[in-house]
Amino acid sequence: MPHHLLSSSDIEAFQRNGVVLVKGLFADYVDELRVGIARNMEDPGPYAAENLKAGENGRFFDDYCNWQRIPEFEAVVRKSPAAAVAADLMSSNRVQMFHEHILIKEPGTSKPTPWHQDAPYYFVDGIQNVSFWSPLDPVTSASLRCVAGSHKWPKPVLPTRWLEEDSFYPNEDDYMPVPDPDAEAMKIHEWEMEPGDAVAFNFGILHGARGNESASRRRAFSLRLVGDDARYVERPGCTSPPFPGHDMQVGQQLREDWFPILFER
């Protein structure tokens, strides 16, 4: 039986489209995550970034790989139903932590999150993976936008640097150019969401977000998890996150001391 937060049709939709809405996934942890985000913003990690150029309004802050030093994040990683839900969505016997990510758009931040796939930035390969994106504030227009089925495209989308807007890797021929899903009339899933709801999507799904033109903050917590078939793979440049000194070899499972098992059937 699927986890009580999922129906069998949710699992089928995730397998087919690569994206599904999971209502209330982090509903019991919203306050804890808000505390963790405040702690993270007061004490940013080495990968923290401000994603606006001079003259652009608002603030778009993001940071990742802080869960082991921020107790609220670690509690959610280990205690929330996310790993059990991920196992069902991925049809995986075990679920391994990859990393967490926070993305904050303050009111009046007109800059959109650029369209991108996560997979080309990561050093992990395999189809059993899931990213959960959960707002900690009600979202209407500043929600996540995901292109259905884009995880099955024949070529990955070119990864770019968000601020510089240039290519992340030297050889662009291995990638397709970043499309314009609105102009190309692609099927885009976009939901109005309550705090603690989560969009679950495959690492290969093309996704982005509109700017936050509302009068309230848009705080989002993301959790990236991998399943049975996840293996280390080399990319043509430094990955994001980089995880320096990991010492893994191509084809290996991710080392469990750095990427712990969160759920096992």
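Two strands are taken to pair if DSSP finds at least two bridges between them. Helices (H or I, at least four residues) and strands (E, at least two) are DSSP runs, numbered from the N terminus. The structure is a predicted model, in which local features need pLDDT of at least 70 and side-chain atom pairs count only at pLDDT 80 or more, while totals for chains, interfaces and linings use all residues. Residues are numbered from 1 along each chain as its sequence is written, and side-chain values use heavy atoms, with hydrogens and water left out.

Strand β8 (residues 144-147) is joined to strand β11 (residues 207-209) by three bridges, and the two run antiparallel. Within this pair, Arg145 has Gly208 of β11 as its bridge partner. Strand β8 also pairs with β9 in the antiparallel sense, over three bridges, and here Cys146 is partnered by His189 of β9. These strands belong to an open sheet of four strands with antiparallel pairing, in the order β5-β11-β8-β9. Because β5 (113-116) and β9 (188-190) stand at the edges with a single partner strand each, one side of each is left without a neighbour in the sheet. From one strand to the next, the twist averages 20°.

In a regular strand the side chains alternate between the two faces of the sheet.

Arg219 lies in strand β12 (residues 218-226) and is buried, with a relative accessible area of 14%. The side chains of Arg219 and Asp137 are joined by a polar contact of 2.6 Å (a pair of N or O atoms within 3.5 Å; within protein, one must be able to donate a hydrogen and the other to accept it, and residues adjacent in sequence count only if both atoms are side-chain atoms).

Terms used
Axes are lines fitted to C-alpha atoms, for helices over the stretch in contact, and angles run from 0 to 180 degrees between N-to-C directions. Buried means under 20% relative accessible area, exposed over 50%, partly exposed in between (1.4 Å probe, protein chains only).
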